[in-house]
Amino acid sequence: MSPLGHAARLVRTTAFKLLAAYLVVFAVFAVSVIVYTAWHTRELIQGQVADDLDREVRFLSDQYRIGGIQRLVYVIDRRTRRPGSSIYMLANFQGEVLATNVSDLPIGLLDRPGTRFTTYNRPDDPGTNIHVAFVQAMILPGGYRLLVGRDIEERDTLRDLVARPAQWAVLLIVVLGLAGGVFVTRRVLKRIDSMTATAETIMAGNLSGRLAMMGTEDEFDRLAHSLNAMLDRIEGLMQGLKEVSDNIAHDLKTPLTRLRNRAEEALRSARTEDDWRAALETTIEESDGLIRTFDALLMIARAEAGQGRATMGDVDLAEIAVAVSELYEPLADEQGLDLVVETQPVTVHGVKELLAQALSNLIDNAIKYGRPTGGGRGRIAVSLRREGPDAVLAVADTGPGIPASERERVVERFVRLEVSRTRPGSGLGLSLVGAVARLHGGSLTFADNAPGLVARLVLPTK
Amino acid sequence: MTAILDPGPLSAMRLLLVEDDRDAADYLRKAFREAGHVVDHAADGEEGLALALDGKYDVMVVDRMLPARDGLSLVAELRGRGHTTPVLILSALGQVDDRVQGLRAGGDDYLPKPYAFTELLARVEALSRRGVSQGAETVYKVADLELDRLAHRVTRSGKEIQLQPREFRLLEYLMRYAGQVVTRTMLLENVWDYHFDPQTNVIDVHVSRLRSKIDKGFDVPLIHTVRGAGYMVRAGLV
C-alpha cells in the first residue's frame, strides 16, 4: 500500500477520528483558558497601576500644598532621577515645563485631567522606539499641570510571560496528541488487519483457524474470544453435518442398494407370479422404510432449525403421558412388559404432536431394548413429575441398560449401540427426541435404573 | 393389491383429481378406475376450480403445489363459494403445521407424499361416506354386532360385550366405515388423534385385543385384516 493510501486509511479509522475530535475540543478549551488568563492578568496589573498613580498624584499634590511649587519641583526632580518605569511632567499654566523625564508628549495632554493611555519618547532613547504609558493628569491650584505615568511595557511583558508558555504547551499537546493518535490507530489497525487476515483464511475453508488473543483482556481480546467461540460452534455444526451426511449416505444407501439388488434378483430369477408378487411386496416394504427414515430426518432437521415454534401452545403433558402409554400398553404387554404410568398435572409450552411423538419414541425404545436379560416379565415405568421449574417426563425400563460411557452417544443421529442392527427402526428415534427436547429448550439425558435404563426428557415449564 | 378390495355396498364415486405431475396423475387415474371409480383430471389450479364449480363430484383429490392457483387457495375459494364437496389434499410437505394449514383452508383430509395407493383409496372412500348419513346414526349394525353410540353399549347376538373407552372408539370408527378398508394411520389419526408414525405397529395389537372380545367364540369373524392395507368390519368374508 502506498504511504498516501496508508495515511488515508489511518485517518478514516474510528480511533483516529475520535482522537482528532477530542484534540479540537481540547484546543478550543485550552485557548479559551489562555485568553482569559492573559486578559485577567492584564486587568489586574492595570488596576494596580491605576491605584499606584492615584496614590502618587495625591502624594505629590500634598507636597505642593505643604511646600509650594519649589518643593514639588524638587521632589519630582529627585524621582525622575530614579531608574524605573515612572514618568513625570510638571508645567505651569503657560505650558513651560518645570520638571520631567520624558521628551515628547502629545500636545494638550496636560490640559485634560484624568487617566488615559499615551505614547511618549524618552530623552535617553530618542530613536524610533515609541513607548506606551498609562498616565494621570491633574491641574494643581495656581494653574500648574502635573502628569504622572507608568510605562506599561512591563505589564505586557508579564502578560506574555504567562500566555506564551501556555500557547506552546497547547501546541505541544496537539502535536503529541496527533502523533499518539497515529501510533494508537496504527496498533488498532494492525490488530484489525490480523483479524481480517484470519477471517479470510477461515472463509477460504480453513475452519480450524482462530483469532490470536493478546492476553490483554481488552475489547479486542473479548471480541476475538466471542468470535472464536462462534467459530467453535460453527466447526461443531459443520462436523455434525458431515457426520450426518455420512450417516445419511450409509442409512439411505444401504436400503437403496438392497432394494435395487432385490429388483435385479427378481428380474433374473423370478419364474412364477408368486415370485414376482413377493419381490414387489418386499420392494414396497423397503421403500416404506426409506420414506420413514427420510421423514424422521426431515422432522429432526425441522426441529433443530426451530421450525414448529409457530404452532406452540399450552400442552397438558399428563394427558399425553397417559394417552401415549395407553397406546403402547397392549404392545408392551404382548412383548412381556408391564407398562405403568404415574403423572402429576404439568403444563408446558410446546408442540403437542412433537411431544407425543417424543414420548412414543422413548416408550417404543423401551419396548425394543428394555426386556430383562434373565427372562421373565419386565416393567416400563412412565412418570411425569415437576422438579423445580422443570417438567420431567421419564421412561424407565428393567432391561440391560446402556454402559455409562455410551449414554451420550445414543442421542446422536443414527447411533445404534447394537452394531449388527437386527432390530427394526431407523436409528433416529432418540435423535428425534433430543431434537424435540432442544426445540422446547429442554434436554434428553440417560441414567442408570439399576437395573435398566431411565430416559429423562426435561422440559422447562416457563 | 386393489383386486382384493370389494367395492361392496359402496357405489362408484365421481372423483376430481387436480394434480400437475403427469405420471402421478396417470397412475392415480388408472388405479382409481380399477377400483371402480370415475375420475376427471385437471392439470392446474384454475382448471381444477372451473371443473369443481361445474361438475358434481363425490370427492376431490387436490395436490397442494399447483401451477396457476395453489391447492390451498383452490379449496379456500370453493369453500368461499359454498361448495361442500369433501377435499383430500395431497402434499409433499408432511409436517404438523402444514397439515394444520391444509385443514384450516377447508380441506377434509391431508395425506403427505409419498403415500400408498391403498391409503389414498381408503381415505377417499371414507370421505365419500361422510356425505351420507352414516355419521349421524346412533346405532351401528354389522350382522349380529350392534354398537349404540349414545348408550356406549356393544352387543353381539344380544350379549353385551365390555369394552374399554378406547376399544369402544376403535370399534365405533371401524363400524362407521363398515365394508370399507380403514388403514392403521386412519385409526391412529381418528381414534387417537396422533399424526405421527409410531414406528411399530401398535395399532395391530389394539385391533387384535378388540378382535378377541368381538369375534372370540363366534363362528363368523367380523373384524378382518386386509393385507397390505388395514382393517375392515363386514359380515362376509373379505
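Residues are numbered from 1 along each chain as its sequence is written, and chains are lettered from A and ligands numbered from 1 in the order in which they are written. Because the model is predicted, local features need pLDDT of at least 70 and side-chain atom pairs count only at pLDDT 80 or more, while totals for chains, interfaces and linings use all residues.

**Chain A, then chain B**

Select chain A. Its secondary structure comes to eight helices and 12 strands; helices (H or I, at least four residues) and strands (E, at least two) are DSSP runs, numbered from the N terminus. Of its 462 residues, 25% count as buried, a term for residues with 20 or more other C-beta atoms, placed from the backbone, within 10 Å of their own.

Switch to chain B. It has eight helices and 12 strands, and 40% of its 238 residues count as buried.

**Where the chains meet**

**H6(A) against H8(B)**

Select H6(A) and helix H8 (residues 202-214) of chain B. Their axes, lines fitted to C-alpha atoms over the stretch in contact, come within 8 Å and cross at roughly 80°. That makes H6(A) roughly perpendicular to H8(B), a label for angles of 65 to 115 degrees. From H6(A), Leu327(A), Tyr328(A), Pro330(A), Leu331(A) and Glu334(A) meet Val202(B), Val205(B), His206(B) and Arg209(B) in H8(B).

**The nonpolar cores**

Next, select Leu317(A), Leu355(A), Leu359(A), Ile363(A) and Val436(A), which touch the most other members of the largest nonpolar core, a set of 114 residues. A nonpolar core joins buried Ala, Val, Leu, Ile, Met, Phe, Trp, Tyr and Cys residues through C-beta atoms within 7 Å. H7(A) contributes the largest share of this core, nine residues.

Last, select Val49(A), Leu60(A), Tyr88(A) and Val135(A), which are included in a second, separate core of 22 residues.

Notes:
Axes fitted to C-alpha atoms, helices over the stretch in contact; angles between N-to-C directions. Parallel < 35°, antiparallel > 145°, perpendicular 65-115°, else oblique. Contact = placed C-beta atoms within 7 Å. Buried ≥ 20, exposed ≤ 12 C-beta atoms within 10 Å, placed from the backbone.
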